[in-house]
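Please look at the sequence and the structure together while I speak.

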Amino acid sequence: MERPAERNIPDVAVARVSAVLGAFDPEHRELRLGEISRRCGLPKSTTSRLVTELVAYGFLERSGPHLHLGPRLAELGQLTMRRRDLRAVALPYLVDLREATRQSVQLAVLDGADVVHLEVLRGRDTPEPPPSGGRMPAHACAAGKALLACSDDAAVDLVCAQPLAALGPRTVSTPASLRRQLRLVRESGLAYESEESGPGVGGVACAILHADGHPVAAVAVSGWSGRLDPRAIGPAVRTVALAVGREFCPSTSAHCRQCR
């Protein structure tokens, strides 16, 4: 059964692309151009132009007169699934780390100049951690510095190209000082923070690495500076990052490629 045509589609490229891709569903895996036009409520000429571009970028594929969803969408879907799988693999280790340290534990990934927290476990009497899904500037937290230290130059350049916002009294404030800190992280494999993500907050983080050395995510522990000794719990954080990496990314190493 055909869905009602959506005639009031905003004159925005993203909305129109979404309408074209949304014409496909489990009951309509292959469609002709005219069918896509009717189902998405766009003129056939507009639909034809969008379909041509989507085919060129791999979001759609042609099979004779029919079209179906392309490999690029499958690749993006795999990235989403890998994030979910990573959380599932890491969660038992994060729970044990929280119990061992009694501090807040986070699992974070790098997204441009920010880190995004996939999982956050609150410790006893610790500062309010960022929520799951919450973002934080990468330069201002241990997890971000752990990820940047093992990332390529382009990722670091992206962060350094914009103002380094101060979240705490000791947030790194210049690209030169950030790059110096990242060199130290590469040497030790651990990133530390002291009142950088917020007043009175300390922490330590270690990157989870793929077999080729690029960072997949980071494990971080944070708490009040007076009650947390980051250097004392650093080995435990490194052990968890290595364990998650071995399970999620076989043949991984505990150190980033620059450290080997």
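I begin with how elements are assigned: helices (H or I, at least four residues) and strands (E, at least two) are DSSP runs, numbered from the N terminus. Just after helix 2, Gly 41 takes a positive phi of about 75 degrees.

A word on the source. This is a predicted model, in which local features need pLDDT of at least 70 and side-chain atom pairs count only at pLDDT 80 or more, while totals for chains, interfaces and linings use all residues. Residues are numbered from 1 along each chain as its sequence is written, and side-chain values use heavy atoms, with hydrogens and water left out.

Taken as a whole, the protein has eight helices and nine strands. Of its 260 residues, 47% are buried; buried means under 20% relative accessible area, exposed over 50%, and partly exposed in between, with a 1.4 Å probe and protein chains only.

Let us return to helix 2, which covers residues 33-40. Its buried residues are Gly 34, Ile 36, Ser 37, Arg 39 and Cys 40. The cover over these buried residues includes helix 1, strand 1 (31-32), helix 3 and strand 3 (66-69).

Is Arg 39 buried or exposed? Arg 39 counts as buried because its relative accessibility is 2%. Its side chain makes a polar contact with the side chain of His 28, at 3.5 Å. A polar contact is a pair of N or O atoms within 3.5 Å; within protein, one must be able to donate a hydrogen and the other to accept it, and residues adjacent in sequence count only if both atoms are side-chain atoms.

Next, Tyr 93, which lies in helix 4 (residues 71-101). Tyr 93 has a relative accessibility of 27%, so it counts as partly exposed. Which residues does Tyr 93 contact, leaving aside its neighbours within four places in sequence? They are Val 240, Ala 243, Val 244 and Glu 247, where contact means heavy atoms within 4.5 Å. Tyr 93 and Val 240 are 147 residues apart along the chain, yet their C-alpha atoms are separated by 6.2 Å.

The contacts of the protein as a whole complete the picture. Among those with a separation of 6 or more, 58% are between residues 24 or more positions apart.

Thank you for your attention.
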